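I opened this notebook to record what I looked up in one protein structure. The entries follow the order in which I worked.

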Amino acid sequence: MNLSFPILKEYTYLNTANSGILSTNLAEWRAQHDQAFIAGGSIFRMDNLPIITDLRNKITALFGSKPENTYLVQNFSVGFNILLSGLDKSHRFLLLEEEYPSVSYPVISMGFDYYSIKIDEKLEENIIHAIDKFKPTVLAFSMVQYISGFRMDDDFIQQLKATYPNLLLVGDGTQFLGTTAFNFEKSGLDALIGSGYKWLLAGYGNGYAFLSDQMKDVIYARNKLADLPTAPFLKGKDHLSMCFEPGHLDTLNFGTLNESLNYLASFSLDQIEKTTQTLSNQARLELNSRGLVPDWTLDRKYQSTIVSMPLNQNTVDKLSAAKILCSPRGTGTRISFHYYNTEEDLNYLLQVLDKHR
């Protein structure tokens, strides 16, 4: 593993929730890509455009979305803002408190009416209560909360859609996709948008937007009344791809995502989920026994690969000195486990914590 990810030789890397790491194989592919671009210019560009189609087909097959409902975006923030810009301003949003700013800020700044819900052990109950009271038309949330690592319940999302079929469910998948087997069409979501630089290990500048048929019908109603451009190089684009994919798509960044999906699929997402869940759950139990993780979080059926600990600055400094990479988020220190992490990584973390707390 260290041969593919040299940084693992130097650090105990518990920071994928901040940034995934780039493999040497991907670095070599990127170097070859740019060398071919240097040599071929526009010829290279035309020859490499099939990468975009290959990626679209691959990501839809891997995560169960429809190719015609899948758009390639530069990151979550770009994709989500495009989605919001296509919604009528009469929509009412339900949000979660302490949400990722790229989820909450554009909703608020664009002037949508909204109501926020506290995240605690009664979250699902609180959401139902808020839906009945506030009557939202959209619930927007991170599938995994970036501060706490709280993961939305998959079964609850499906139940929500069944109970409130007109409520649009929009998820940020950046801290989620790549950690587990997932099928968008069966999820109950109307949109899942995310960036590829974290758990998909694909570097920066690439992301995805999966839409349901219901969401496609709702957004950009006015745009659909206009005639599509007839330029030959835009052949095959529909009204929504003109919005979500305006201009060129970079074959370096999206090609990196394509290559990384090949790499992750070779391990299988089921195996990645099994490995990371075992390690993350073990971490929660160990940290709970040390008073660093609340009891109620242990009982949830669906868990993420992120754990937050309330540590003092002295302990945080000791982790840094021990070359354990993690991130301050909110009032805690966030650690996260991907498939390249090991039980030895966890034991080393616990050793340093026990010595310096």
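I began with a definition: rings of Phe, Tyr and Trp (its six-membered ring) pair if their centres lie within 6.5 Å, and planes under 30 degrees apart count as stacked, over 60 as edge-to-face and the rest as tilted.

I noted that the model is predicted, that local features need pLDDT of at least 70, that side-chain atom pairs count only at pLDDT 80 or more, and that totals for chains, interfaces and linings use all residues. Residues are numbered from 1 along each chain as its sequence is written, and side-chain values use heavy atoms, with hydrogens and water left out.

**Entry 1: aromatic rings**

I counted 16 aromatic pairs by this rule. Helices (H or I, at least four residues) and strands (E, at least two) are DSSP runs, numbered from the N terminus. Both phenylalanine 5 and tyrosine 340 are buried. Buried means under 20% relative accessible area, exposed over 50%, and partly exposed in between (1.4 Å probe, protein chains only).

I then looked up phenylalanine 267 and tyrosine 339, a tilted pair with 4.8 Å from centre to centre and 50° between the planes. Phenylalanine 267 belongs to helix H12 and tyrosine 339 to the loop between S12 and H15, so the pair ties together parts 72 residues apart in sequence. Phenylalanine 267 counts as partly exposed because its relative accessibility is 33%. Tyrosine 339, at 9%, counts as buried.

Which residues do ring pairs link into a cluster? I found Phe5, Tyr263, Phe267, Tyr339 and Tyr340.

**Entry 2: the cavity**

A cavity is a set of points, on a 1 Å grid over the protein atoms alone, where a 1.4 Å probe fits but cannot get out; lining residues have an atom within 4 Å of a point. I counted one cavity of 30 Å³ or more. The lining of the largest cavity consists of Phe5, Ser23, Leu26, Leu201, Ser260 and Tyr263.

**Entry 3: nonpolar cores**

A nonpolar core is a set of buried Ala, Val, Leu, Ile, Met, Phe, Trp, Tyr and Cys residues joined through side-chain atoms within 4.5 Å. The largest has 53 residues, and Phe63, Ile127, Met152, Leu177, Leu189 and Leu192 have the most contacts inside it. Among the elements that each supply at least two residues of this core are helix H4 (50-63), strand S3 (92-96) and helix H12 (251-267). Another core, apart from this one, has 27 residues, including Phe76, Phe112, Ala209 and Met215.

I listed some contacts (heavy atoms within 4.5 Å). Beyond its neighbours within four places in sequence, leucine 192 is in contact with residues including Met143, Leu177, Phe182 and Phe210.

**Entry 4: two single residues**

Is asparagine 15 buried or exposed? I recorded asparagine 15 as buried, with a relative accessible area of 9%. Asparagine 15 lies in the loop between strand S1 (12-13) and helix H2 (24-40). Neighbours within four places aside, asparagine 15 contacts Leu325, Cys326, Ser327 and Ser336.

Aspartate 155 is in helix H8 and is partly exposed, at 34%. Not counting residues up to four places away in sequence, aspartate 155 touches Lys301 and Tyr302.

Definitions and conventions: On a 1 Å grid over the protein atoms alone, a cavity is a set of points where a 1.4 Å probe fits but cannot get out, and a pocket is an open set with protein on both sides within 12 Å along at least five of seven lines; lining residues have an atom within 4 Å of a point. Grid points are joined across faces, edges and corners, and a volume is the space filled by probe spheres set on the points.
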